[in-house]
Amino acid sequence: MYIQRPLIAAMLAAGLLAACGGDDAPPTADQQASDLLAKMTLDEKIQLVHGAGYGLPEALGGAGVVKGIPRLGIPDLTNADSAGGVNVVGSNATPYPAPIALAASWDPALAHSYGSGIATELRTLGFAEGLGGGVNLAREPRNGRTFEYMGEDPVLAGNMIAQRTLGTQSQKVIATIKHYAGNEQETNRWAGSNSVIDERTLRELYLLPFEIGVKDGAPGNVMCAYNLVNGLQACESPYLLTDVLKTEWGFKGIVQSDWFFAVTDTVRAANAGLDEEEAGAADDSVGANLGGFQLPVTYFNQKLKAAVQAGTVPMARLNDMVQRKLRTLYASGVMASPPKAGGSIDQAAGNVAAQKVAEQSIVLLKNATPTGGTASVLPLSATAAQTIVVIGGHADAGVISGGGSGAVPARDGNAVTCLVPGAGLFSTCATWYKSSPLAAIKALAPNATVTYLDGSDAAAAATAAAAADVAIVFATQWQTEGADLPNLSLPNNAADPANQAYDQNGLITAVAAVAKRSVVVLETGTAVTMPWLGNVNAVLEAWYPGVQGGPAIANVLFGSVNPSGKLPLTFPQTEADLPQKTISATDLTVTYSEGLNMGYRWYDSQNITPLFPFGHGLSYTSFSYSGMATTANADGTATVSFTLKNTGARAGAEVAQVYAALPSSAGEPPKRLVAWQKVQLAAGESKTVSINVSTARMAVWNSTTHQWNTPSGSYTFFVGGSSRDTQSKVLVRS
Ligand code: BGC
């Protein structure tokens, strides 16, 4: 609890603190921060609220640095992008699977270790702050940054980001949650894209992951977004930054701007509640030129000083910005123990951690029995599969990853040469880690004949597939910051000439038509359409699986790992089924007209059958749900319990999902995810699972009173292994 200093003085005088031992208590981060703030000059305060510029040596190859003040013992505050690992070239940092993969694990403990594992490396490399916590929702699966986020559900994303945040900060590294808010697509983000979102939808969907992340994870940093929200720059919105984030949610950290063009006006941004401008510059008047890219001018340096001197930004507001910065430095442990550059990464430990995430996050989408067969095609048997042909996706060389600030450089060079190297701020070329699925498959099937074809000749691939016991086709989709996907089709050479040499859908169709057994392994950052789905026996979604993607995929293919991932976003049959039919290049107004009916809520409300529903994912064993019961508790919460049984012959984990349909008077979509538990079960084992559903998860935003209400009435709770595979029970809450 924060006790104001005058109050402490009064309490000391009255002997109150001494009586309870209070004068021995160490000062709080707030007290330490205000003591230090009192010693600072105006120039020093200004120095602490803006980045020093892009590409400075002090930034250590990361994204930016706020320069420290040695006379006061304030260290440089260095930051680096770290969506799926530290994005610093030459650092040997571990490329973890992308955040969308982490979300597919539905494992909060794994999210914690993901955060702490990446933070360990940030600190080793000298970074005090990780910019990794992207939590915008997959409203628009064509969003080029879907791989950096945690899917379409606010409760899944919010809980996972809270745990990731706690993990990051457990290593004395300041965590960031971004991009606050309404940044659900890349198109026109620097050109005034305005997300128009009604208040209830904003609160129940797009702000909710931030709310859960802030309240449960207490990040040091929240990065505001490039876009406008309801007509105001997100970084200049008093509603978002002050009323909601700071006042209502009690956020005590720093609101940091996104890097370029997020701020347009010093006074507006400062008074709205922005606490730090990035990337900033030493001189406000000029925007530097970054390889042909003209950086914008800075607003929180000389311009902010002048505004404070003129009184258009109150000194109290500047003091609050600095107080927040210092408090965060103290609370995080960075002040007492600033990270030192130059450490070396424990690559072996990183690889083990990254592989664990990959294995927990791979989703088995389909696993059918081939014609004439007696068992599902997966897992492959190393003895029964005598001849295996692996086709396409550069599976001989490695696995693909996403681009932009969420990229993680390869330690040992790109495994695949870019076909059309591009210029500009963001590369058009994918990075492929040298983790060959082909080599890993060979290692697990040492007695089989395993061959590889690069997929560029569909006819040759089909001939080889027809002759083999199993054909495994690898298919990839590259995504990057800065560009949305034109569609959800697996890209061909026309759609992505830098990374694809042929028509992937055509290849899969040709192979599936003749193969005895066909398996498709997808490495994608978002949903893809699958016109060939009915003709293949099995599909695995491996996402961007990171530096150990090859062995992780092979372990799942051969069953040494039983898949347990579940989709964190809906896979539609076609783009025509999406609420937003196209992403307009010219219309800057992006109206979230589907309102609350986003993601699975959309498909449920419109009665559209998705290709694969939210929460879907198969296992090599089977699970049954029985004995479902619901209880209304005196404190307003509900308890949902059931017996989960592993009815198959091997151990496995099931993500048991709980959804709720609210009383019809609430006017909510058909159902919402309210809780889940990932349960590990031995073959034949059953467990009684009891899950508490908080009142917050049953609440509805009232746009008239501007408050959450939990309606009384008849709730239907659903329990099951996906959003579309559930049993239900009604509970009346008074
Ligand atoms: C991205 C942020 C990133 C920042 C620093 C921006 O373009 O939107 O997510 O943290 O750059 O690299």
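Colleague: What is the mean pLDDT of the protein chain?

Modeller: pLDDT is the predictor's confidence in each residue, from 0 to 100. The mean for the protein chain is 95, and 96% of its residues reach 70 or more. Over residues 1–21 the pLDDT is below 50. Where pLDDT is low, the predicted coordinates should not be read in detail. In this predicted model, local features need pLDDT of at least 70 and side-chain atom pairs count only at 80 or more, while totals for chains, interfaces and linings use all residues. Residues are numbered from 1 along each chain as its sequence is written, and side-chain values use heavy atoms, without hydrogens and water.

Colleague: Which residues of helix α16 are buried?

Modeller: An α-helix has 3.6 residues a turn, so residues three or four places apart point the same way. In α16 (residues 458–467; a DSSP run of H or I, at least four residues), Ala461, Ala462 and Ala465 are buried (under 20% relative accessible area, 1.4 Å probe, protein chains only). These buried residues fall within an arc of 100 degrees seen down the axis, so they line one face of α16; the arc is taken from the directions from helix axis to C-beta atoms.

Colleague: Which exposed residues does the face turned away carry?

Modeller: That face carries Ala459, Thr463 and Ala467, where exposed means over 50% relative accessible area.

Colleague: How many cavities of 30 Å³ or more are there?

Modeller: Rolling a probe the size of a water molecule over the atoms shows where empty space is left. A cavity is a set of points on a 1 Å grid over the protein atoms alone where a 1.4 Å probe fits but cannot get out. The count is 5, and the largest cavity has a volume of about 120 Å³.

Terms used
Contact means heavy atoms within 4.5 Å. Helices (H or I, at least four residues) and strands (E, at least two) are DSSP runs, numbered from the N terminus. On a 1 Å grid over the protein atoms alone, a cavity is a set of points where a 1.4 Å probe fits but cannot get out, and a pocket is an open set with protein on both sides within 12 Å along at least five of seven lines; lining residues have an atom within 4 Å of a point. Grid points are joined across faces, edges and corners, and a volume is the space filled by probe spheres set on the points.
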